Each structure stands twice: as structure tokens, then as C-alpha cells.
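Opening the notebook on this one. I want to look up a loop residue, then the packing inside.

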Amino acid sequence: MSRFAYPASCALGAILAIHLFGLDFIWPRTGLDWRPVGDAAQHAIAQRHFLADAWQWPPLQVGTLGNVNLAFLDGIPALALPLKLFASWLPEGFHGIGIFYALAWTLQPMAAVWALRGAGVRGFWPAIGVAAMASAMPAFILRYGHAALCGHFVILVSLGLYFRLVESPRWWWIAVPWQAVALLIHPYLALMSLALLAAVPLTVLLRGERFWRAGMGAACAAAAMIGVMALFGYFGASGDGGYGQYALNLLSPIWPFRSLMLGGWVSAEVDATGHGGWEGYNWLGIGLWAALIAGVLVARRQIAPGLRAHAGLVLALLALTAIAVSFRIGMGGRIVLDLGPAPGFLEQFRASGRFFWPVGYALMIGAAVLLASRGSRGVVILCACGLLQFMDAAPMRDGLRNWARHHAPWTVEADALRPLFREASRVTFLPSWPCIAAEDDAARIRTLELLLLASETPRPVNTMYAARWRSPPRCTDAEVSASPLAPGELRVGQAQAGLSGLACRAVGDLTVCR
């Protein structure tokens, strides 16, 4: 039955994807009376403009969004680039964000089986136990607001490559290009992947074996990532900084927020930073904790030899944990140790708590290896723990499903605005993003909604929200408002102010000039 492990795990992931997201979400259409919200809206805008725009240089540059890089909009270049090759055959206003969600959920359990087999455990039932557990990892499920970061399969694939590479260097021909793909999914995932691949030469060295091939392979993987960053225009941009604001709390792995069985004990994420514990959320799940405890009880003599055999991986995971915790170490609601300012290069990793994700998956594979080593009894325990994990994650899946199937209505007159957007050659939104006051959340939400509606028929626009910019945009709304309309320009304001000198009309609570 071993050969059915991958098809079965694929079926599990695909069924979950369709059940949770629905086909309307996975394969989007334009002209609907509802809209995605939050980060999902930003991602959809980015891909729609990228697919409709002409090819630029660097290849990820989106000319109709002010020449911002698609990667800085979290537009998942690994999917957007192949889609762009077929853009002329895709429906107008198409984007692949829903497809990526479906891929991420389908590949998650398959990648767990890949990692488990790399660790030396074959067999159908151990694979099913791990597939169920991986599909119910809380940190995976609750990334649903951010499409690219749902790609936890990247971590599992890289973990599986680690286990294979410490035994045979022939896998580097896959690992090197895979590192580039990981970058084009999301830079955070790429750094986690690179840490796992960099553990290979360290493990080989600590085993006392010749490690030059492993060292060269890891260097090539790093060079592939850096080369793609240079070629695709990743360098030269900066974000808001704030390393440590969204760190891993020391209690997070045992803090059962949103757990079906234990969630009643806590009412919110644990946080000591004052910025909320969302990014540092890393509850491992009751099933994984049960598997770890059972593994220690039934196979404790194998733990020390296993750690020694993979010492490089242990050191890499400890380093990732240290980065996740940050220089201001929180435990519960308090900062228990402040190490002072962090090195400047770490400021790029404001959401440092994410770096604990590979640790959780390594613990999952480690627990599975220990249990599977005890024969059929251990496999039964592993499957029971996988089922327990899956059941305990039910509230998280319900939250995801409600989010994906929530059809938020347009708050603007969508049917009246669509033909105006279609007829325009360019669209100017006022206020633009840099002119919106920091406390004016309503204006930001409304601007993103208007950008989303206009992206159904992508035209050059004057503003966009991006996580990083090479040159941060300036507030120039006063100059824009005082200037005459360009030929084919449609100007849309959230207030009459600044547009009174133009031929304008009201569309709902908006002012539209052309």
C-alpha cells in the first residue's frame, strides 16, 4: 500500500481545499456583487495588474502600479510568471491567488509524506498519520489571510531535501533551483528553506565526513537565491522595520488558542510586545504534543543518537528559534529579557515569529520517526495523534472557511463604476495611499476596495499599497487635484474637496471626474 501514500495525501489536501475555499474562491470571476478583503484583495490587485501589463524589466515590475515590484505586493511570482505566459488566454481580470490557496492545501500533506520518507520512514499508515497532522498544523491553517505565507509546503519539501542530501549529494540538482522557487513564493519561506539546506554541510561536517560537496551545494543554493533577487529586482527596497514587534513568545508553542479541546483555557494569542500575538502564533496542536510525549515514552533511547546524527539540523533550528524569539524575549504577558538593539540587518524581519515554523515541522517528523520505529503499535499511536490533531483544529478550519466564503458586499456603487473604469485610459484615486492619515483605517480600506474594483479591467493607477518600496511614494494629492484632467483620465475622490474645479458628478458617496 506504500505506493498509494502520495495519491491519498493529495486527495486529502484537494478535498480540504475545495471544502474550505469553494470553487468561486479558487477560480475567481469579475462582475460579482462581492469582493475579497484585506491582504487577499491586495494580492488580487497585484496579480491582475501584472498579468495585464506588458513585460517589463526587471521581469516583476508592474508598470500600471507605478513600477512597483510584484514581490513587494506579495503577488506570488512563482505562480504569476507562468500565468503571464498564458495571459492572452485567461479571462479579463483573472488572478491566481485562489489557485495558490488550493495548491498550498493540496501540497501540504504530500510534502509531509515527502519529508517523512526522506527521514527513512515508508509505509502507507505512517504517511497518512503525518499527512493528517501536517494539514492540521495551527500555524499553517491560520495563515489564511496571507496567500503566499500559506505555502508551508516549501518548508516540508526543504526538510525532505535535507534528509536526502545528508545521505547523497545527487539531490542538489533539485535543491538549488528549488531555493529559487522558494524565493519567488515568499522571501520569508526562502530564508527558512535556505536555513534547512545550510544545515546539510554542517551535519555532514559534524559527522566527520567529507563535506565539500555539501558545502558547494549549499553555496550554490544561496547563490541561486541571490542571483534571482538581483535579476528580478528584489534589492534596494526597504520596509517599515521593527524587528521583534511580532516575535515568538516562549509560551506560544503550548498556548492552545483556537484549540477545540483546550482553547477554552485561553481567550487570545499570548503576547508580551503590545503588538498582538498573531505573527508569533505557534501553538503546535494537541496531536503533535501527544505524538512528542508518546515518542519520548516509547523510544527515548533513540532520541540522543538521532540528534547527534542530525546535529547540523538541530543547530539550524536553534538558530531559527533564536531569531523568532528576537532580542526582546517575551514569556506570557511580560518581557523577561531585553538584549538591547538588534543588528540592523534584522530590521527587515519584523514578523520574526514566523521563523519557528520549521521547528514545528521538524518536531512533527521527529515524533513520527520515533513512533514508527516501534512497529505497528507505534504506527497506531501516530495515526491516532494525527486524527487528534485534525479534530482539534476544527475551529481553525471553520474560521478559514467562514473567511473564504464570506461574500463581503461592495460599499461603493460597483455597477456604476465598472463601465467608467473600463472606458478610462488611466485612473487617479484621491486620496492616494501616502496621503491617508495613519489613523484613518476607513480611508485605507475604501482605497483598497476601489483599487480592487478597478483591477477587474486594469488601467494605470496613481497609488497602491506595498510592503516595501525602493523610493517611498510622496503625498502629492494637492498638486494632482489642482492639475487639469489628462486625456482619458478618470479621477475618483472620496470627497468633493480638491475636485471642485473639474466637471464632476457623484457616484454614491464618491466624486468622479472625467
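Is Ser 326 buried or exposed? I looked it up: Ser 326 is buried, at a relative accessible area of 4%. My cut-offs are under 20% relative accessible area for buried, over 50% for exposed and partly exposed in between, with a 1.4 Å probe and protein chains only.

Ground rules first. This is a predicted model, where local features need pLDDT of at least 70 and side-chain atom pairs count only at pLDDT 80 or more, while totals for chains, interfaces and linings use all residues. Residues are numbered from 1 along each chain as its sequence is written, and side-chain values use heavy atoms, with hydrogens and water left out.

Back to the loop. Ser 326 sits between α14 (311-325) and β4 (328-331); helices (H or I, at least four residues) and strands (E, at least two) are DSSP runs numbered from the N terminus. I find Tyr 243, Gly 244, Ala 247 and Ser 352 in contact with Ser 326, leaving aside neighbours within four places in sequence; contact means heavy atoms within 4.5 Å. A polar atom of the Ser 326 side chain lies 3.2 Å from the backbone nitrogen of Arg 328.

Next, the cores. I take a nonpolar core as a set of buried Ala, Val, Leu, Ile, Met, Phe, Trp, Tyr and Cys residues joined through side-chain atoms within 4.5 Å. The largest has 162 residues, and Met 364 and Leu 417 have the most contacts inside it. Helix α5 (residues 97-118) gives the most to this core, 12 residues. I also noted a second, separate core of five residues, including Phe 124 and Ala 127.

Last, α4 (residues 77-85): among its buried residues are Pro 77, Leu 79 and Lys 84. I see the buried residues of α4 packing against α3 (39-52), α5 and α9 (172-185).

Notes:
Polar contact = N/O pair within 3.5 Å; in protein donor to acceptor, adjacent residues only side chain to side chain.
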